Amino acid sequence: ARERPDLEGLDAMAVFARLARLVALAGPAIDAGLQPYGLRVGEFDVLACLRRSGDPFELTPTALVRQLLLSSGAMTNRLDGLERQRLIRRRPDPSDRRGVLVGLSAKGRDLVDRAVEGHVANEAALLSVLGTHQCAALDRAVRILVESLEG
């Protein structure tokens, strides 16, 4: 602002810089919260996405890619690792002869159910510096921004 007073929108630039810094600072704490469960954030995201889908806790790889905003290659790598750990299973999609369904195994469901409890507590602790009203206002503001960008 001091060096370029002619520029408008510097407040917007500051908001995005703070959001990026928040992600960079909170990331390691979120990773550390998942370590006791033997999970990395990306693995947790896949398991949690399957868990949120409801019984029978299955989605197509394409649905996972869309919901988690990943490339198909990145998703394949995550799924391969989770399958090696026996946390997910793949099976032919009965409604699409060329398709596959990815589902939580019993071991995966148990793990994600335990991990989500710790994850929620960890994230609540990270937000504990904010009051209830501040947290709600932040959630509303970020939600509006995300929805506008998603179109």
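**Entry 1: salt bridges**

I looked up Glu 58 and Arg 89 and found their side chains joined in a salt bridge at 3.5 Å, N to O (a side-chain nitrogen of Lys or Arg within 4 Å of a carboxyl oxygen of Asp or Glu). Glu 58 belongs to strand 1 (residues 58–59) and Arg 89 to strand 2 (residues 88–92), so the pair ties together parts 31 residues apart in sequence. Helices (H or I, at least four residues) and strands (E, at least two) are DSSP runs, numbered from the N terminus.

The model is predicted: local features need pLDDT of at least 70, side-chain atom pairs count only at pLDDT 80 or more, and totals for chains, interfaces and linings use all residues. Residues are numbered from 1 along each chain as its sequence is written, and side-chain values use heavy atoms, with hydrogens and water left out.

I then checked accessibility: Glu 58 is buried at 14%, whereas Arg 89 is partly exposed at 34%. Buried means under 20% relative accessible area, exposed over 50%, and partly exposed in between (1.4 Å probe, protein chains only).

I noted a second pair, Asp 80 and Arg 90, at 3.0 Å, N to O. Asp 80 is in helix 4 (residues 72–84) and Arg 90 in strand 2, 10 residues apart. My search of the whole structure gave 11 salt bridges.

**Entry 2: helix 5**

I recorded Gly 108, Leu 111, Val 112, Ala 115, Gly 118, His 119 and Asn 122 as buried in helix 5. They lie on the same side of helix 5, because they cover an arc of only 145° around the axis (taken from the directions from the helix axis to the C-beta atoms). On the other side, Ala 106, Glu 117 and Val 120 are exposed.
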